[in-house]
Amino acid sequence: MFRSLRNYNYRLFVSGSVVSNVGTWMQRTAQDWLVLELTHGSSAALGVTTALQFLPVVLFGLWGGMLADRYPKRPLLMAAQSLLGLLALAMGLLTITGYAQTWHVYVMAFMLGLVSCVEVPTRQSFVVEMVGRRDLANAIALNSSTFNLARVVGPALAGVLIYALGGTGPIFLLNAVSFAAVISGLLLMRTSELRTPEPVARAKGQLREGLRYVWQRPELLMPILLVAFVAMFATSFSMSIALMAKQVFGQDASSFGVASSVFAVGALGGALLAARRARPTRRLLIAGGVVFGLAQIAAGLAPAYLAFLLLLVPAGMAMITTNTAANSSVQLAASPEMRGRVMGIYVLVFTGGAPIGAPLIGWIGEFAGPRLGVVICGVMCLVGVGLAILLTRFAAGRTHGAVVRGVVAAPGGAR
């Protein structure tokens, strides 16, 4: 389960990531709560904030993956982590001094998204340079484990600290400090042990080349399409936890943190189970998406807060199973010179659905209530799994037909 930790560089990376991820989830909880306070409980404003954080990935995510192929990944990551820390510091100072307004949160969310365009595909494709292909699936699963361990601790800790420290401002400052851990880990790495591929030279048509590469390979297209549909409503579901806790069950900030942590407990369990598998399967990927959709529907219909909390466990487990299986499948199937661009496409679809799903579910929650929004998330997730299967079969048929036509036409062309 922990075999990738044999690598010194990966141990440094994971250690720093745990601290930084706890801070990030604390900030995510504080950001959602701050928006609800500034807007007097507007679910639409919460949806807009989430959408703005992921909108830059839709606009510029493919270019971020291309930069990950062109430049050394470790310096890119250090620069990106530094920028994320400065954004958290600025928002913390605005909140503590009482100057924070809703538009400040909107701007910070958009800037976080801009940095993530480069940081996320670079970080994802950097894992194989630390551990190699043999331990890649295990390392990705352990990344998910540490991420969701932070997701367990971060929101609960944020809920307590918001109450104890009298507001959300100190949470942003604590997150700013947490970035020192991951930056220090990157600085201390042994560069001689990194499996660094040759940078891809700048050339025209590299974005189209990446898109064509994915379209022609079902082993890449299937997980990317499925994640595109599932993640669109997974992000909305995470947002809906706040709305369900506050508006449906009448809970306070600390209880909202507990709900987010319960969801993460399931996700952590799913990630640890994934770490035991040498290689994910397509059946596992599809099953994870279906169970996640069903769990969302059941959570939306939960009659009491305790039942809602219990249903968050299988929802979190199914979500992380789908994400981990998809991530491992994509990285194992991509060639080294294309991995940055492929991960750029993966990150685009993984986070790019939020600007569509989050406002939609936010507005539904505004006018029809959070319950209906959560149920719709689940139904659309199930529909998305079916569409991913159908589109992959369609693309495979088109690609096979083009190959056959090329083979048939070749003799005539030779004459």
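The following legends describe close-up views of a predicted model of one protein chain.

**Figure 1. Overview of the helical chain.** The secondary structure of the predicted chain comprises 14 helices and 0 strands. Read from the N terminus, the order of elements is α-α-α-α-α-α-α-α-α-α-α-α-α-α. Of the 415 residues in the chain, 59% are buried. The chain exposes about 17,100 Å², and carbon and sulfur atoms supply 68% of this area. Among contacts between residues at least 6 apart in sequence, 88% join residues at least 24 apart.

Figure 2. A search of the whole structure finds 3 aromatic pairs. In the pair formed by F13 and F126, the ring centres are 6.4 Å apart and the planes meet at 65 degrees; because this angle is over 60 degrees, the pair is classed as edge-to-face. The pair connects distant parts of the chain, since F13 belongs to helix α1 (residues 8-38) and F126 to helix α4 (residues 102-131), 113 residues apart. F13 and F126 are both buried. Ring pairs join Y10, F13 and F126 into a cluster.

Figure 3. Neighbours within four places in sequence being left aside, S4 is in contact with Y10, V131, D135, N138, A139 and L142. Of these contacts, Y10 is also a member of the ring cluster with F13 and F126.

**Figure 4. R190 over the ring of Y8.** The charged end of R190 is positioned over the ring of Y8. The distance from this charged end to the centre of the Y8 ring is 3.7 Å.

**Figure 5. S178 in helix α6.** S178 is part of helix α6, which spans residues 169-187. The relative accessible area of S178 is 8%, so the residue is buried. When neighbours within four places in sequence are left aside, the contacts of S178 are V19, S20 and G23.

**Figure 6. The buried face of helix α7.** Helix α7 covers residues 206-215, and its buried residues are Q206, G210, Y213 and V214. Viewed down the axis of α7, these buried residues fall within an arc of 95 degrees, so they line one face of the helix. An α-helix has 3.6 residues a turn, so residues three or four places apart point the same way.

Figure 7. The structure contains 0 disulfides. C381 takes part in no disulfide, and the nearest cysteine sulfur, that of C377, lies 8.7 Å away. The relative accessibility of C381 is 0%, so this residue counts as buried. C117 likewise counts as buried, because its relative accessibility is 4%.

**Figure 8. L93 and G169.** L93 has its place in helix α3 (residues 73-96). At 47% relative accessibility, L93 counts as partly exposed, because this value lies between the limits of 20% and 50%. The C-alpha atoms of L93 and G169 are separated by 6.9 Å, although the two residues are 76 residues apart along the chain.

Conventions
Residues are numbered from 1 along each chain as its sequence is written. This is a predicted model: local features need pLDDT of at least 70, side-chain atom pairs count only at pLDDT 80 or more; totals for chains, interfaces and linings use all residues. Side-chain values use heavy atoms; hydrogens and water are left out. Buried means under 20% relative accessible area, exposed over 50%, partly exposed in between (1.4 Å probe, protein chains only). Helices (H or I, at least four residues) and strands (E, at least two) are DSSP runs, numbered from the N terminus. The arc is that of the directions from the helix axis to the C-beta atoms. Rings of Phe, Tyr and Trp (its six-membered ring) pair if their centres lie within 6.5 Å; planes under 30 degrees apart count as stacked, over 60 as edge-to-face and the rest as tilted. A charge sits over a ring if NZ of Lys or CZ of Arg is within 6 Å of the ring centre and within 35 degrees of the ring normal. Contact means heavy atoms within 4.5 Å. Accessible areas come from the Shrake-Rupley method with a 1.4 Å probe; for residues, only the protein chains shown count as cover. A disulfide is a pair of cysteine sulfur atoms within 2.5 Å.
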